[in-house]
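Please read the points alongside the coordinates.

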Amino acid sequence: MRHIFICLSLTLMVACQNNETKEKKEEAKHQEVVAASAVVFPALPQSMEFAGTTINLQDEDLRERLDREVLMTAYYQSAWIGAIKRANRYFPEIERILKEEGVPNDFKYLAIIESNLQQAISPVGAQGFWQFMPATAKLYGLQMNDEIDERLNIEKSTHAACQYLKDAHSTLNDWVMTTASYNRGVGGVIDDMEWQKTEHYFDTYQNSETGRYVFRLLATKLIYENPEAYGFYPDKMELYEPFRVQKVVVEESIPNLALWSNDQGFNIKILRKLNPWLKTTKLTIKAGKKFTLLLPAASENLKPYNAYK
């Protein structure tokens, strides 16, 4: 009887030890999961460069305002991942134009905070990568009518944005305030500083949108230039490649873009994808005028999709 009791006791001890070991393993596994999912966020730098200017970020107000935009940008993951993917396609062209126009390269991030590099339409009627309102678009030479809207022409609208930025900078003589003017307008930036007796954006009280605007751009620059620190790994993403295109100058009207596209060896879906500024199925060209269309590069395989392979 005593022998049986000892055996039962040993069995219970082993079972208890096994349970204890299992519980410890489960707890350790839980701690690993918690550690893996913990929020790890880099400290903001003490200063950063923007458009050739060193911005001192030791001021408490500036740090907290930038911190807010970094947090809101980095944790809007779906939008930010999309921006990284699209930037791989569109930034080379935008960077080329900025350099050609003599505008600092950092202004490529303006297209992210304005439209996330999409042909966006705002509730008040601004459109395109650079979100031009109709009146401003016409002022900077972008054509709009029933058939076309050049605010959606990436090359032309980027040149127009550069012209606006250079005009604003010639008045404000400061790239940070020039950035603010893209949201507030040059007159608005000047008015805000005049009645407050300030000399710079960082010393001026602005409305909520303009007050956040420059910091949104700075946050975008910080994250884009050091994505891994914020949990984004572009080298592990399927980035969108730049379109392989050829430019064709058209000087005569095209009454049916669908038939015209077919004659070129592709379809109107591709034409509209490469030229989103085309609004309808025709393109009317007045005497002496011409348009440049982007077409698939001659080396592209343009066979129609076969759903029954």
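1. A residue is taken as buried when its relative accessible area is under 20%, as exposed when that area is over 50%, and as partly exposed in between. The model discussed here is predicted. By this criterion Phe129 is buried, since its relative accessible area is 3%. Tyr90 also counts as buried, at 16% relative accessibility.

2. Aromatic pairs come to a count of 14. In one of them, the ring centres of Tyr90 and Phe129 are 5.0 Å apart and the planes stand at 85°, so this pair is edge-to-face. The two residues belong to distant parts of the chain, 39 residues apart: Tyr90 is in helix 3 (residues 77-101), whereas Phe129 is in the loop between helix 4 (108-115) and helix 5 (134-139).

3. Two further arrangements involve rings. Phe50, Phe107 and Trp175 are joined into a cluster by ring pairs. At Tyr233, the charged end of Lys236 sits over the ring, 5.4 Å from the ring centre.

4. The buried residues are Lys108, Tyr109, Leu110, Ala111, Ile112, Ile113 and Ser115. Their packing partners are helix 3, helix 6 (154-172), helix 7 (175-184) and helix 9 (208-225). Just after helix 4, Asn116 adopts a positive phi of about 60°.

5. How many salt bridges does the structure hold? There are 14. Among them is the contact between the side chains of Asp61 and Arg65, with an N to O distance of 3.1 Å. Asp61 and Arg65 are four residues apart in helix 2, and about one helical turn therefore separates them. An α-helix has 3.6 residues a turn, so residues three or four places apart point the same way. Asp61 itself is partly exposed, at 38% relative accessibility.

6. Which parts of the chain does the salt bridge between Glu101 and Lys166 tie together? The closest N and O atoms of Glu101 and Lys166 are 2.7 Å apart. Because Glu101 lies in helix 3 and Lys166 in helix 6, the pair ties together parts that are 65 residues apart in sequence. Glu101 is buried, at 15% relative accessibility, whereas Lys166 is partly exposed, with a relative accessible area of 27%.

7. A salt bridge also joins Asp106 and Lys221, whose closest N and O atoms are 3.0 Å apart. Asp106 is in the loop between helix 3 and helix 4 and Lys221 is in helix 9, so parts that are 115 residues apart in sequence are tied together. Are these two residues buried or exposed? Asp106 is buried, at 10% relative accessibility, and Lys221 is buried as well, at 8%.

8. Salt bridges also form a network, in which Glu93, Arg96, Glu100, Glu155 and Lys247 are linked.

9. On the surface, Leu71, Met72 and Tyr75 form a nonpolar patch, and together they have about 270 Å² of accessible area. Leu71 is located in helix 2 (residues 60-74). Its relative accessibility of 36% places Leu71 in the partly exposed class.

Terms used:
Residues are numbered from 1 along each chain as its sequence is written. This is a predicted model: local features need pLDDT of at least 70, side-chain atom pairs count only at pLDDT 80 or more; totals for chains, interfaces and linings use all residues. Side-chain values use heavy atoms; hydrogens and water are left out. Rings of Phe, Tyr and Trp (its six-membered ring) pair if their centres lie within 6.5 Å; planes under 30 degrees apart count as stacked, over 60 as edge-to-face and the rest as tilted. Buried means under 20% relative accessible area, exposed over 50%, partly exposed in between (1.4 Å probe, protein chains only). A charge sits over a ring if NZ of Lys or CZ of Arg is within 6 Å of the ring centre and within 35 degrees of the ring normal. Patches are made of residues with over 30% relative accessible area and no salt bridge: like charges are joined within 9 Å, nonpolar side chains (Val, Leu, Ile, Met, Phe, Trp, Tyr) within 5 Å. Accessible areas come from the Shrake-Rupley method with a 1.4 Å probe; for residues, only the protein chains shown count as cover. A salt bridge is a side-chain nitrogen of Lys or Arg within 4 Å of a carboxyl oxygen of Asp or Glu. Contact means heavy atoms within 4.5 Å.
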